Amino acid sequence: MKWKRALYNFFFFSALFLSEITVAQVPADSTAADSILLKQIEQQMQSSNQPAQQPQQTRSTLSFNPDIGVIGDFQGSYISKGKRNFDAYLNETEVSLQATVDPYVRADFFLSFARNPVTHAYGVEVEEGYLTTLSLPAQLQLKLGKFREAVGRINPTHPHALPFIDLPNAYVNYFGEEGLNDEGLSLSWLVPNKKFYQEIIFQATSGQSESPTFFRGDNNRFIYLGHFKNFFTLSDNSTLELGLTGITGPNDSSRTTSIAAADLTYKWKPVQMNTYKSLAWQSEFYYGHANLLDNFSVNSLGLYSFLQYQLAKRWFLTARYDYAQKPYNKKIVEQAYSLTAGWYATEFSKIELEGKTTDDTIDKRFYQAWLRWIFVIGAHGAHQY
Amino acid sequence: MKTKTIIFIISCLGILSFAKAGTIKVVTTTTDLKSITELIGGNKVSVSSIATGYQNPHFVDPKHSYIIGLSKADMFVTVGLDLETGWSPQLLASSRNTKIQKGAPGYVDASIGIGLLQVPTSANRAEGDIHIYGNPHYWLDPLNGKVIARNIANGLERVDPSNKSTYESNLQAFYKKIDEKMREWKAKMAPFKGSKIIAYHNEWVYFETRFGLDVVDFMEPKPGIPPSPSQLVKVIKEIKANNIKVIISSPYFTTSSSDVVSKQTGAKELTLATSVGGFESVKNYFDVFDYDVNQLTATLK
């Protein structure tokens, strides 16, 4: 029987050796490896009467598919003016695909199937699609593609992750409902400061995406953005973030619009009970200088400020104030107050109800309300702090 | 004379700075990993932990300030198994430090080689916060501490091969101490073998299995879902039916629902240490079990 065993061992190990070589040479072609595996299994089954201690080759269930997540955003809305006051719609379906490409870069795609608020037609667009380097020297990181730009705190955040349903008036006036989301490159540098966190971001984009402020002309002008982020740890339980942003680019009259922005965020989250209690106070200020005609430019100001309080593990209350001068006519001023109550069932679904009252200098006061249900399936990326 | 003093001071400073530059900077996600890294690394390492010992390790806020330490680290140690999935991958990606990225020599997954419990057969979020690789609270079995220590020692030896002998001898000392303490803990817990208890969250399975306890039910109806009135009624019935003496919880859960159950049944609420630093007196990995075993034995008596 000894020769039988020796023969078996010879076949088994040569098969194993072959499989190693095959896998090493053509990792993409799994059929060759599969057929060898099949042979091995057959051999193992034939020799199952011998309780030999063969290395068990188990099939791994791992795959190179990216992390896939789908976020649904269903909304109902009310507005006190106009003919149609109530509406219900699947506001957005966001599909995220995220993975590392190779040892040097990772890729993130966010595809948005959204409803156009004006035409009510559903369309698909790449909300974001970019690669990020993993191994640049000197604490640098490069991002390339289409991305939400680094203006303060609201713009880089996907709307479903915000603690309110509508966007602040001033923000919409300058950057639109979609935000400043453009194509180009972003280079960020982590300042080697041991005391507190500092990051400097520089972005240059083509102006491809529509925004109320910037416009893609048929010349070689781009949108440039600089952001300086400072993050201070005040205590174990509280932090303060101060950001400064400057943006400049061509507008629709082929002249230049510049925006200076500042963001200030205070957060209190007791480390021990951080899932039960928290408080955040976040404000952003925008100052726009739009050169619209020869010898005619408009300076405008806008801001929002909100206070979010977590009442219990699942309950959040957010009060916000908006002040916004229209970037093309500073005499038109909007002021709004809103209150949002959020019930966060789990990390994967939340229901929010918001009421808002708006005054402006031309129309009479109007009221709005929204109800939205956000739900996530699949992989769920981490939220920014 | 003056020049000699100056030379002496300069050389002292030189040695000091050299010694400082020579320590391996390690960032761990939790305090237990920090404690074990310090025990294995001794004076060759300087270690900091992102989470504190009294904080829920699932829900650490990924503050930018943590990136500073990570950007300078030579080694990163993680509990792994998706315990920290909500915060550590994001911090690692922002650190711009290639030495500690997944797959790099300085990346240590402490769970390699752990005999996992409660590995789900299906991934279904209807069951609450389930962990697709298995229950990640494995450090609460002291014998798993040995596996963690081995993984950490492997990491230190990859990053700093010149001090391999130190790490190996510290590792042997750690093994020995775990074995010694294990006999002591086992002896203390022996009279309470099979004791039925209630736990707040499903994080005690490794502890329970090692020390022969029997967690009958949880305050949470499903992992991560806060206690509901119907769950409390169910738990109260179970406590009464089985004469259960204790409800165990962790420092980062509210006691309001346990208070209700305790009042209704007379079962005692006990907040145990789930990590180093959970309480003032829990200063290292061994203290976690000293604390928990002493608290439990005193209550179950």
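Predicted model: local features only at pLDDT ≥ 70, side-chain atom pairs only at ≥ 80, totals over all residues.

**Entry 1: a helix pair in chain B.** I looked up helix α2 (residues 31-41) and helix α6 (residues 164-189), both of chain B. They pack at an angle of about 120°, and their axes are 7 Å apart. I therefore logged α2(B) and α6(B) as oblique to each other. On the α2(B) side, the contact is made by B:L39, B:I40 and B:G41. On the α6(B) side, I listed B:Y167, B:N170, B:L171 and B:F174. By class, this contact has five nonpolar, two polar and no charged residues.

**Entry 2: burial of α2(B).** Next I checked how α2(B) sits in the structure. I found 11 of its 11 residues buried, so α2(B) is largely enclosed by the rest of the structure. Among the buried residues are B:D32, B:K34 and B:E38. I then asked what the buried residues of α2(B) pack against. The list is β1 (24-28), β2 (45-49), β3 (75-78), α5 (142-159), α6 and α10 (285-300) of chain B. After α2(B) comes B:G42, with a positive phi near 55°.

**Entry 3: where chain B meets chain A.** I counted 26 residues of chain B in contact with 23 residues of chain A. On the chain B side, α3 (65-72) and α4 (88-94) are the elements that give two or more residues. α3(B) gives the most, with four residues. By class, I recorded 10 nonpolar, 12 polar and four charged residues on the side of chain B that touches chain A.

Technical notes
Residues numbered from 1 in each chain as written. Chains lettered and ligands numbered in written order. Axes fitted to C-alpha atoms, helices over the stretch in contact; angles between N-to-C directions. Parallel < 35°, antiparallel > 145°, perpendicular 65-115°, else oblique. Contact = placed C-beta atoms within 7 Å. Nonpolar A, V, L, I, M, F, W, Y, C, P; charged D, E, K, R; others polar. Buried ≥ 20, exposed ≤ 12 C-beta atoms within 10 Å, placed from the backbone.
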